[in-house]
Amino acid sequence: MARTRIKICGLTRLEDVQAAVAAGADAIGFVFYPKSPRYVTPEQAAALIACVPPFVTCTGLFVNASPEEVAATVAIAPIGLIQLHGDETVAESAAIAAAAARPYVRVFRVKPDTAPADLLEYEQQCRAAGPWFTSLLLDTYVDAYGGAGKGFDWSLIPKELAPRVVLSGGLSVHNATDAVCEVRPYAVDISSGVEAAKGIKDGRKIAAFVAAVRAGDDLIERATHHECASAAPVPR
């Protein structure tokens, strides 16, 4: 059975990087948006990335940065994946990724009136724009960049799209298991939900969040096995 991937975002300290890795995170994120309380310089991120073991993906979050700015950051901080969270158009997003020569995740900030077809159409546009697009990250629309720790209506996510998306926005230890079971996303992304303060992570919350996600995976696997067993022919 597919395992839900986990990303811990907004890391600023070595001990938080170590806590995320120890808990089993598949990816960690660094925020290169100067107005964010979780902002790190490319040099700070590079020092933290140097302590990350292999097979943990380091990502960089950008908001309305130019292709040149992103490429310059990546040249200093060797991230493997870009996340674009601003007002970049589909074409601009593709150009940024091409300039940095990195795959990217594109945020879609879900509004109450977002239709499932809107998500499918936007994903299709991103894929058609260039080869560097990997996935949509679904976050909650607020009057700021980032979801501000608020959730959205998961039922808006089309079932055929869910296995390809990164689910974010208002996730916590308390709802992570339900999120995995209801949405079945490819990955989940959390920042404020595992913090002691803005930019300061809580290692116990990180570990508890990872455990909650894994609990969702286990529930899905048990349900799948039960369905298979129920569908099996009865021996004569």
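Asp217 counts as buried at 5% relative accessibility (buried is under 20% relative accessible area, exposed over 50%, partly exposed in between, with a 1.4 Å probe and protein chains only). This is a predicted model, where local features need pLDDT of at least 70 and side-chain atom pairs count only at pLDDT 80 or more, while totals for chains, interfaces and linings use all residues. Numbering runs from 1 along each chain as its sequence is written, and side-chain values use heavy atoms, with hydrogens and water left out.

**Asp217**
- You'll find Asp217 in helix α7, residues 203–231 (helices are DSSP runs of H or I with at least four residues, strands are runs of E with at least two, and both are numbered from the N terminus).
- Its side chain makes a polar contact with the side chain of Arg214, at 2.9 Å. A polar contact here is a pair of N or O atoms within 3.5 Å; within protein, one must be able to donate a hydrogen and the other to accept it, and residues adjacent in sequence count only if both atoms are side-chain atoms.

- In α2, the buried residues are Pro42, Ala45, Leu48 and Ile49. Viewed down the axis of α2, they fall within an arc of 125°, so they line one face of the helix (the arc is that of the directions from the helix axis to the C-beta atoms).
- The cover over that buried set in α2 includes α1 (14–23), β2 (27–31), β3 and α3; contact means heavy atoms within 4.5 Å.
- Helix α3 (residues 67–76) has Val70, Thr73 and Val74 buried. Down the axis of α3, these fall within an arc of 95°, so they too line one face of the helix.
- As background, an α-helix has 3.6 residues a turn, so residues three or four places apart point the same way.
- Exposed Glu68 and Ala75 sit on the face of α3 turned away from its buried side.
- Among the elements covering the buried residues of α3 are α2 (42–49), β3, β4 and α4 (90–100).
- Ile76, also in α3, is partly exposed with a relative accessible area of 40%. Setting aside neighbours within four places in sequence, Ile76 is in contact with Pro42, Glu43 and Ala46.

**Leu120**
- Leu120 belongs to helix α5, residues 116–129, and is partly exposed at 26% relative accessible area.
- Not counting residues up to four places away in sequence, Leu120 touches Pro158, Glu160, Leu161 and Arg164.
- Glu160 is 40 residues from Leu120 along the chain, yet their C-alpha atoms are separated by 9.0 Å.

**Positive phi in the loops**
- Phe55 isn't a glycine but has a positive phi, near 70°. Phe55 lies in the loop between α2 and β3 and counts as exposed at 84% relative accessibility.
- Arg184, another non-glycine, has a positive phi of about 55°. Arg184 is in the loop between α6 (176–183) and β8, and is partly exposed at 43%.

**Second largest pocket**
- This pocket has a volume of about 290 Å³. On a 1 Å grid over the protein atoms alone, a pocket is an open set of points where a 1.4 Å probe fits, with protein on both sides within 12 Å along at least five of seven lines; lining residues have an atom within 4 Å of a point.
- Its lining has 19 residues, with Ala27, Leu81, Val166, Tyr186 and Ala187 nearest the centre.
- Strands β1 (5–8), β3 (57–62), β4 (81–84), β6 (133–140) and β8 (187–190) each supply at least two lining residues.

Key. Grid points are joined across faces, edges and corners, and a volume is the space filled by probe spheres set on the points.
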